[in-house]
Structures are given as C-alpha cells and as structure tokens.
Amino acid sequence: MLDRTPTRDFTVLLGYFNTYMGNDSVTWRVTHKNLHEPMYIFIAALLINSALFSTMLYPKLLIDMLSEKQMITYQTCLFQWFVTYSLGGSEYYLLSAMSYDRYVSICKPLQYPMIMRKTTVSMFLVLAWLLPACQITVPVMLSANAKLCNFTFKGISCNSTVYKLHCVSSRLLHIYGLVALANGVLLPVLFILFTYIRIFVITYRSCREVRKKAAQTCLPHLLVLIHFS
C-alpha cells in the first residue's frame, strides 16, 4: 500500500519543482551567447531531457499517491513507455556526442573550430532526439493493436514490461527490443569508451599539463555516464 501522508506528497511535489526549476535555470544560463560552445549546448540538451522526464513522471506519481486506486489508460501507458525510452536513448547519444567533442577538443585542437561547427552540433542534436524516438515507435505502435489479457501493471512508470499484459507473447518484439537496446545503449557506450581510450593514449604521451587538463575535462563526463547507466 502506498504511503499517502501529506509529508510524502509534499516531498514528491518539492522534488519535481526543484528538478524543473534547477534544470530550467541552468538551461537559461547556457543559452547566453558567451556559452554557445558545443559542450554547453549538449549539457543544455541533457537538462531539457531531465525536465521532460520529470514532467512526465512526477505529476502522475503525485496523482497516484493522492488516489485510492492507481489507474492509467493503456494509451497513456504506451505514451509513458515511448517518452521514457526516447529520452533514455537520447541521453546516451548526447553523451556520445559530448565524448566526441572532448576527443576533437583534446586530440585535434587546431581542427576543432572546423569540425564542431554549428551545423555539426545541430545534426548531433537532431539525431540524438530523432533516432531513439524512431526506434521506440515501432514496438509502441505494434503494442497499441495487441490484445490484452492482463490489466494489472506493477511499476511506477510504464516500460517494455507492458508485453506481459498481452495475450500472446511476440518473439519478434523481443528480438527487436534487444536490437534496439544494442543500438541505443551498447553502441554509444562502446563509442564513448573508444574515444576516451584514444584520449588517454594521446594525453599519456603528452606533457603533465595536458594530462591534467584532459582529466579535469573528461572525468565529470565519465561520472555522468556511470551514474546514468
């Protein structure tokens, strides 16, 4: 049974408010013309993802805590699934773009202005948001027409376990899910590891000052990747 005390409800509301306002204030600062470097733009994109996910999760969670019965329509559940996986996949693609930006900045500093142009950054942003959305659209659309035999979902937010509600388990959907997982998570992580191995190899052969700068630049990004994963 859910704890429906006013303190718990206030904590959920305060958590959403702090998350949204914190992300919004940082994003607003990043839009300043002096911070239009690619890394800051990617950070702003990550914060926008966080704000969107919080807006999708916290209000519904608060409503459930204030209700006697926790209910959700199947269409809303599919929408939650779509948003959660789209934003989650775009996080990994954005982190991959950030690792590439660090690689070019450290290993090819003279070519950095030519490689990381506004058009390149814009292309990375579009792909980071579009590819995961396209990937998750397929199973969501197929699940929308599936016949349901179970109407009890266990979880805070809907996800791929919605398959358990279907009368017939689709092997095709499970295989597609594994392929999408590899494409949306495994490949970006491998790319990030590859770029950082290249950075560490090149900086190891450089002077101490370059190694120190690389560590200061790359360590926060790696911590974000580990924390999110």
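Biologist: Which residues form one aromatic cluster here?

Modeller: In this predicted model, the cluster is formed by Phe42, Tyr100, Tyr103 and Phe124. The structure holds six aromatic pairs.

Biologist: Why is the pair of Tyr100 and Tyr103 called tilted?

Modeller: Their ring planes stand at 35°. Stacked would need under 30 degrees and edge-to-face over 60, so this pair is tilted. The ring centres are 6.5 Å apart, and pairing asks for centres within 6.5 Å.

Biologist: What separates Tyr100 and Tyr103 along helix H3?

Modeller: About one helical turn, because they are three residues apart in that helix, which covers residues 74-107.

Biologist: How do you know whether Tyr103 is buried or exposed?

Modeller: Its relative accessible area is 15%. Buried means under 20%, so Tyr103 is buried. Tyr100 has 24%, which lies between that cut-off and the 50% for exposed, so Tyr100 is partly exposed.

Biologist: And what makes the pair of Tyr100 and Phe124 edge-to-face?

Modeller: The planes meet at 90°, and over 60 degrees counts as edge-to-face. The centres of these two rings are 5.9 Å apart. This pair links distant parts of the chain, with Tyr100 in helix H3 and Phe124 in helix H5 (residues 118-144), 24 residues apart.

Biologist: Which residues make the nonpolar surface patch?

Modeller: Leu186, Leu187, Leu190, Leu193, Ile197 and Val201 make a patch of about 530 Å². Leu187 sits in helix H6, residues 171-204.

Biologist: Why does Leu187 count as partly exposed?

Modeller: Its relative accessibility is 48%. Exposed would need over 50% and buried under 20%, so Leu187 is partly exposed.

Methods
Residues are numbered from 1 along each chain as its sequence is written. This is a predicted model: local features need pLDDT of at least 70, side-chain atom pairs count only at pLDDT 80 or more; totals for chains, interfaces and linings use all residues. Side-chain values use heavy atoms; hydrogens and water are left out. Helices (H or I, at least four residues) and strands (E, at least two) are DSSP runs, numbered from the N terminus. Buried means under 20% relative accessible area, exposed over 50%, partly exposed in between (1.4 Å probe, protein chains only). Patches are made of residues with over 30% relative accessible area and no salt bridge: like charges are joined within 9 Å, nonpolar side chains (Val, Leu, Ile, Met, Phe, Trp, Tyr) within 5 Å. Accessible areas come from the Shrake-Rupley method with a 1.4 Å probe; for residues, only the protein chains shown count as cover. A salt bridge is a side-chain nitrogen of Lys or Arg within 4 Å of a carboxyl oxygen of Asp or Glu.
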